[in-house]
2 protein chains.
Amino acid sequence: MRLILLSGGSGKRLWPLSSDVRSKQFLKLLKAPDGARESMIQRVYRQIRESSLGGMLNSVTVAAGEIQLEQIRMQIGSDVDIVAEPARRDTFLAIALAASYLKDVKGANEDETVVVMPVDSFVDVEYFDKLGRIDSALSGTDADMVLVGAKPTRPSEKYGYIVPDNTALRANGTPTSNHGAGSAPERSCPVSKFKEKPTESEAKKLIEEGALWNCGVFGFRLGYLLDIIARNLGVSENRYETIRGQFTDLKRRSFDYEVVEHAKNIRVIEYTGSWKDLGTWETFTEEIGDRTMGNVWLDDAAQDTHVLNELDIPVVVMKEVDHAVIVANHEGILVAPKGQTYHLKEATAHLGGRPMQEEKRWGEYIVLDYCKYGDTESLTKKLTILSGRQISYQSHASRKEIWMILSGVGTLYLNGEKRAISAGESIVIAEGEKHAIRAEETLEIIEVQLGAPLVEDDITRYEMVW
Amino acid sequence: MRLILLSGGSGKRLWPLSSDVRSKQFLKLLKAPDGARESMIQRVYRQIRESSLGGMLNSVTVAAGEIQLEQIRMQIGSDVDIVAEPARRDTFLAIALAASYLKDVKGANEDETVVVMPVDSFVDVEYFDKLGRIDSALSGTDADMVLVGAKPTRPSEKYGYIVPDNTALRANGTPTSNHGAGSAPERSCPVSKFKEKPTESEAKKLIEEGALWNCGVFGFRLGYLLDIIARNLGVSENRYETIRGQFTDLKRRSFDYEVVEHAKNIRVIEYTGSWKDLGTWETFTEEIGDRTMGNVWLDDAAQDTHVLNELDIPVVVMKEVDHAVIVANHEGILVAPKGQTYHLKEATAHLGGRPMQEEKRWGEYIVLDYCKYGDTESLTKKLTILSGRQISYQSHASRKEIWMILSGVGTLYLNGEKRAISAGESIVIAEGEKHAIRAEETLEIIEVQLGAPLVEDDITRYEMVW
């Protein structure tokens, strides 16, 4: 059995902490059992290790965007297996690329079971035990796809529902009385229908019919999907390198639409533990533990309010600000009742422009100041270059950069000359000058860019050997 | 008649906009009649000009702390008369210094009437006409002090109340029927008692008795106060220069306690127009006009909520955040229901440390970043030096400074050598190096300080001629 962890899109539903360049699955805000903070992807990886799937960690592949590679390695280890998508093209293309990768690069057999799960599900360890049963559910039945459904705890309007065919279940020998709360059925059951985001009253009725929340898990034989890819993906050759090469030119398509809707026999395994989509502040803050993080004064009398502050600027929240989430960082400051955070996408739709903080291969930066003076623009950033990392050799045609080293030790490569630099030094890099920098010990640098105008892609890269 | 405008303490009641270094009376947030924004002190000064006191603007003296001088001149003109307090010593000492200044510096006669009013009262122009009647109220009665009381509009627990002696008022010939809403009594009336911050039910009873809100206005003969100063101030000689010289060593004392409580005959003039203490966000936001200022997205459905943002970071406030005030700048971020802002002092009591933005004689600065690396500290500021202003000639024993000029043109004076500087240049000022800078056109500069440790008073000043 092979497990594919889908490290999906970034999204703004946890804005301002998540953004186009900072995905929610990497936010280290969840309480780990040892008291430390872990991210969604770290939690899932730890749970796999702790579950009955623990022995097959080397069969786990993370499907992720190319810009996430460094971050994934930093968070779950450099030996993790990653298949990198050259661009965002929705779930069908992501899973297709991963499937061809498993066959052509990892040498997987077409008979092997592949299980795909989103990396941002907040679940119990028991969930992974259920994933382990998908293999036998596929062997023991005529299903071409097996899903996992979580037992609903309320008639949510925000989830997708899977309605099992209870008649078939009874005919199959499982007593209906065994289908109640707290008792997981020992086997899978055919799916009768799906319903996306029902109204509350529809959801109530669905739950009465035994419907389950769709966890977004897909289990199938590798060969089954490779056949669909061959027929429908639209690439010249059904091989990993070819799919990867043509990936950016392919249209976005969802796995639900391209595969699940056309499957003949779909079965579902019921999971009765807790399952949460941590996609909104309302659900996310329930798992954070502490009411505040960072430089925050929150009145003790404020009820069910969470305040997260990544800025140095102190945040003061007084009493009677109840059931709210307040989040501040360089990207934005959010003040919202928890019940409203589902509409965050619309509320932040007007925001665009440059990212104000970003994690990079070499570390991270935050924007401290931006100004426009006539045609000239200035941008002041604080850069953190991690020990052993480097900013590649480059030049800028129409901007000057000034670096002030606040702390650390590094090597500067300026116009072909190498020299050691350290805290207290300042370096002027004029327009056109070739420069690179490597941190021997983590460098913190104030960078001032001045240009007329400042253009993000004014960058020419050069080869060099350190 | 002489008018003293008390430009009082800074306070944190409008935190984070007001702070120890930024007084609320200078916040340009009130809507002026021409649509522009004006500060409290600008509004009062404009109203005096528009009132029946308009002809006596040259008899107005502003009593203010020394650090406020530049700001007052920038806001109401360089020809305004200011008496500067060397330190904060409460109202008795502030008024005593101003009274001795009127006599010894301005040559005021001891028989002249002096009227003192706080600069942060939000009133109608009619209020100033009432101040003009204090002189005749003092002449026509045996009062040694005349106050102004505003007709209450609700039984507030937050104000001080003046209870007039209505018996005396009737005996004095003013018909009681004339004492109703909307009709100002034509003359003053003896004060029977005072009550500070009553409970709501007490306040209701007081209002039934005809009590008025104490506007904090004091009218008296200059000689009356000079006698009290001679007896009670505790300085070696009752002269302006002496009082000023010994000011810092004197104990804080309030004018109410030292003077009003001992006055034998106090009368009050009723003012029926609107009067507001703009000391809390609740009252202040009522006069701002717009719901938002700065980079703010506020849901249209949020009711009676004000969002003020001085940061570049966007603020997003969703619906159902009602009756709230949200204020963000480099000093802090406040989220509070309007009814709670009265408790702001307690909520911000834990905050201290260095100011994060400050107006200076030469312009202003904001702190962009502060870090500690072992013993070494770094502080990154953005300085704005206004055209024609300069930072004085100085050196620092244990910190290095690096300046990057973002915009403007200026003159640098470094170790006795003068040179022109302009946008794009960077200047390294090592420990011990003497430096000054003057803006020919307004300069914007990123300054990085590095020291081990960074000490605020590590500054040696030198004489120089530009």
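Analyst: **Salt bridges, pair by pair**

A:Glu456 is exposed, with a relative accessible area of 52% (exposed means over 50%, buried under 20%, partly exposed in between, with a 1.4 Å probe and protein chains only). This is a predicted model, in which local features need pLDDT of at least 70 and side-chain atom pairs count only at pLDDT 80 or more, while totals for chains, interfaces and linings use all residues. Residues are numbered from 1 along each chain as its sequence is written, chains are lettered from A and ligands numbered from 1 in written order, and side-chain values use heavy atoms, without hydrogens and water.

The partner of A:Glu456 is A:Arg354, in a salt bridge whose closest N and O atoms are 3.1 Å apart (a side-chain nitrogen of Lys or Arg within 4 Å of a carboxyl oxygen of Asp or Glu). A:Arg354 sits in the loop between α12 and β20 of chain A, and A:Glu456 in the loop between β27 and β28, so their pairing ties together parts 102 residues apart in sequence. With 27% relative accessible area, A:Arg354 is partly exposed.

Now a pair within one helix. A:Glu50 and A:Arg46 form a salt bridge, again with closest N and O atoms 3.1 Å apart. Both belong to helix α1 (residues 40-50) of chain A, four residues apart, or about one turn of the helix (helices, H or I of at least four residues, and strands, E of at least two, are DSSP runs numbered from the N terminus). A:Glu50 is partly exposed at 46%, whereas A:Arg46 is buried at 15%.

Next, chain B. B:Asp304 meets B:Lys338 in a salt bridge, with closest N and O atoms 2.9 Å apart. B:Asp304 lies in the loop between β15 and β16, and B:Lys338 in the loop between β19 and α12, so this pair links parts 34 residues apart in sequence. B:Asp304 is partly exposed at 41%, but B:Lys338 is buried at 7%.

Finally, look where the chains meet. Between chain B and chain A there are two salt bridges. The side chains of A:Asp369 and B:Lys382 meet in a salt bridge at 2.9 Å, N to O. By class, the side of chain B that touches chain A has 32 nonpolar, 13 polar and eight charged residues (nonpolar: Ala, Val, Leu, Ile, Met, Phe, Trp, Tyr, Cys and Pro; charged: Asp, Glu, Lys and Arg; polar: the others, Gly among them). Over all chains, the whole structure has 54 salt bridges.
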